[in-house]
Amino acid sequence: MNAPADLSLSDAALQAERSARSARQAEVVAALRAVLPAHALLYRQEDTVPYECDGLTAYRQLPLVVALPETEAQVAAVLKTCHALQVPVVARGAGTGLSGGAMPHALGVTMSLAKFNRIVKLDVLARTAVVQCGVRNLAISEAAAPFGLYYAPDPSSQIACTIGGNVAENSGGVHCLKYGLTLHNLLKVRGFTADGEPVEFGGDALDAPGLDLLAVVVGSEGMLAVTIEVTVKLLPKPQLARCIMASFDDIRAAGDAVAAVIAAGIIPAGLEMMDKPMTAAVEDYVHAGYDLDAAAILLCESDGTPEEVTEEIERMQAVLLAHGASRLAVSENEAQRLRFWSGRKNAFPASGRISPDYMCMDSTIPRKRLADILIAIAAMEKKYQLRCCNVFHAGDGNLHPLILFDAADPDQLRRCELFGADILETSVALGGTVTGEHGVGVEKLSSMCVQFSPEEREQMFAVKRAFDPAGGLNPGKVIPTLHRCAEYGRMHVKKGLLPFAELERF
Amino acid sequence: MTVADTALDNLIDQVRAARADKTPLNILGGSTKAFYGEPPPAGPALATLDTRPLAGISSYEPSELVVTVRAGTPLAELEAALAEQRQCLPFEPPRFLAINAAGGKVGGMAGGTVGGMVAAGLAGPARAAVGGLRDYLLGATLLTGRAELLSFGGQVIKNVAGYDVSRLLSGSMGLLGVVCEVSLKVLPVAVATATLRFEQGEAAALKQLNTWGGQPLPINASAWWDGMLVLRLSGAAAAVQSAVQKLGGEVVDPALAAAFWTGLRDQTDEFFSKALVAVDAGATLWRLAMPQTAPPMALAGEHLVEWGGAQRWVVTTTPASAVRDAAARGGGHATVFRSGRPSSAGAAAGFDGPRFAPLSVPLMRIHHELKTAFDPDRLFNPGRLYAGL
């Protein structure tokens, strides 16, 4: 974890540090005043507090200065100025990230790109959109809708999260098994290097000359370059989507059914799982009519032309029944389909209602190990004497176990942290990864030590230096230093107090 | 110790030795794409690092849609294993014949290796519909210029732990290290497929393809050449059937169609066969990656359009600068795919400029820095991607 360290300094030392910070702040403000209008520069505490964290509220840090550039020339000037002064820069979109990727640097400038919210061009014939980094994910699909097109990646925070943030995190969504992640739906990222030089990754064709730098910039969590404008691909909107809701009496049978759907040569548009405790929690919250007796519920969606959907739904039903589905319902209309999804989409707030606190994990495992990890988690519930609800992007093997606890009880917090650590370690042992879609940020820095060797981490530092030799962009995130590699990271979500708590999550 | 362990140890030893002696290495797979990229630097031939002993499929479970395979594995072997489970590499990497140093065809590993496929990063007819190699690359184990064996990515579809170094290897031409093993996402073979033919000029075909692209149709591949547009549909049986009804055109016999798409993928069809002859006579085969709506390229010579307009093949004797300018004006870039060999007697002077389109200053700087980061002593494939790298 990367929580701000408790500084056990003497009063005199603290005083000295504060005055050094003030002096540095004055210096940076003076330099940025030369390149930004006064209203685009925030440094008083009451103005910078809103920027102290992103969606991961457990970790907070006041930035030295917040810059709100309005033009590309201003972005370049802020970067050049900070580069010259050796001030770290943390680029920020909507601040909905869940791993602290946009957490400010204590002696750094947080550069909010919120003003870059224009859809520059929508080319219907080419099925592309050129959008500024601050455009919201959903706004792209809304703008494309009149032409029968949409932007496929749909992270659950899509009403608020921006495309620039999606590029930083390589965001997914519930449909990425079929439609891919952010990377698979982009052509070009235009922006600036750490020292303010304009740069373009990718291009208007399907490939660009040289190394595929776009592939490494996407998902780099703001460590390699600053994204200003993105060219995305748009897809024709599927004519129809229908969803199967299937109950299983046994967790292992549900896990096997997921594998069987894929083995039958079907790529569902979405394939999600909830276990019994999770189903109980969400049913109490959304009253969608979920089967409360089921050990696990699968949501299995098909989209495409009406003929395609009919054919695929039939095939999926057959597979699910053959693998022991005890109850099965197919959505008959759009309202019913959305009702099937409502519980899944509200898993987080529902958990917030049944427990004072919960902690969310985001590991990914090979699909075939779904039942194994569920059984392991059930054993961990006994071992750590805490309850856990499970929601999964089952088609992708991406887990979101929610460990329920009361942070007011220090022993529960301790047990919860051990529980989470156990899940991450087990996921890596099962052939998985510590983060499927929320990113490393500051939250999973320590978990990275489990997954990567010292040499691999050093190689990632070298990649960082290749793009950003001075290390000015978002320093301290994503790759843990050697001395950090001692403990695991976790995400502690205070009862529903996520910023954007009204949003559907995950 | 397994054969693969020994093969890997041998590779590591060879890189260590090369590092100690500062002798650069030419990474070798099936040698089927020796024509691609910059020719080796002048002077004595480079020592070779043969990846073929490092072969075999490490793990493959069809229900995971993931296969992990070692670099030296023949691509043909991998594809056969996938086909047994009715799965495939959807991006259809081309399979070239093995060519020896003198330009003659040899037997052996026709179709090349998995390592070579990754290093070249090429894709076939379905690229525009399904994505390229990079989109299917989930993880890689890389032997760097420090003789360190590093793994990035993994075997799972969703993974955002650290920088996505594995995808960076797609099309890296061996610049960053020796790809030892990769995990690839695979997909089921489509249930149904159909091929349609339309007599159409190039401009009309481009417009038509882009219009269809905006509709929910199961178009999987397209090719336009010599006044004929050929379209491949694939997906659920009902979807393909209804698209055939809707689109019209002439339905091509399935066996003929399959042969056509294979020929196009492997560049053995009529267009590419003629192109090879023209290249021997001094012409250049260019690959232009373009925005799919770019108008027909105003360049003399034979043209073939793929990927819904996003890939244009041009066989021409037009000077390189004119080809590059035309591509850049249209928003794309041009690669010298095959050219007459400057050394071969009888052929024209051949092509001696850069094979790949030049990079902007900051991108070239990043390329140099990345090369240094992975291969500080510049051991691997010197100059194969760009001179000096």
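Trainee: Across which strands of chain A does helix α3 (residues 72–85) lie, and at about what angle does α3 run to β10(A)?

Mentor: Please bear in mind that this is a predicted model. Helix α3 of chain A lies across β8 and β10 of chain A, and its direction makes an angle of about 135° with β10(A).

Trainee: How many bridges join strand β8 (residues 186–192) to strand β10 (residues 226–233) in chain A?

Mentor: Two strands count as paired when at least two bridges are found between them. Here 6 bridges join β8 to β10 of chain A, and the two strands run antiparallel. As one point of reference, A:Phe192 stands opposite A:Val226 in β10(A).

Trainee: In what order do the strands of this open sheet stand?

Mentor: The order is β5-β6-β10-β8-β9 in chain A, 5 strands with antiparallel pairing. The edges are held by β5 (119–123) and β9 (198–202); each has a single partner strand, so one side of each is left without a neighbour in the sheet. On average, neighbouring strands of this sheet are turned by 15° against each other, direction ignored.

Trainee: Let us turn to strand β14 (residues 296–304) of chain A. How many of its residues are buried?

Mentor: A residue is buried if 20 or more other C-beta atoms lie within 10 Å of its own. By that criterion, 9 of the 9 residues of β14(A) are buried. Both faces are covered: A:Ala296, A:Leu298, A:Cys300, A:Ser302 and A:Gly304 lie on one side, with A:Ile297, A:Leu299, A:Glu301 and A:Asp303 on the other.

Trainee: Which strand is joined to β14(A) by 9 bridges, and which by 6 bridges?

Mentor: Strand β12 (residues 240–248) of chain A is joined to β14(A) by 9 bridges and runs antiparallel to β14(A); in this pairing A:Phe248 stands opposite A:Ala296. Strand β13 (residues 270–275) of chain A is joined to β14(A) by 6 bridges, again antiparallel, and A:Met274 has A:Ile297 as its bridge partner.

Trainee: Does α1(A) lie largely in the open or largely buried?

Mentor: The number of buried residues in α1(A) is 2 of 23, so the helix lies largely in the open. Its reach from first C-alpha to last is 32 Å, close to the 33 Å expected.

Trainee: Which residues does A:Ala40 touch, leaving aside those up to four places away in sequence?

Mentor: A:Ala40 touches A:Ala67, A:Leu68, A:Pro69 and A:Glu70. A:Ala40 is found in the loop between α1 (11–33) and β1 (41–42) of chain A. With 19 other C-beta atoms within 10 Å, A:Ala40 is partly exposed.

How values were computed. Residues are numbered from 1 along each chain as its sequence is written. Chains are lettered from A and ligands numbered from 1 in the order in which they are written. This is a predicted model: local features need pLDDT of at least 70, side-chain atom pairs count only at pLDDT 80 or more; totals for chains, interfaces and linings use all residues. Helices (H or I, at least four residues) and strands (E, at least two) are DSSP runs, numbered from the N terminus. A residue is buried if 20 or more other C-beta atoms lie within 10 Å of its own, exposed if 12 or fewer, and partly exposed in between; C-beta atoms are placed from the backbone. Two residues are in contact if their C-beta atoms, placed from the backbone, lie within 7 Å. The expected span of a helix is 1.5 Å times one less than its number of residues. Axes are lines fitted to C-alpha atoms, for helices over the stretch in contact, and angles run from 0 to 180 degrees between N-to-C directions.
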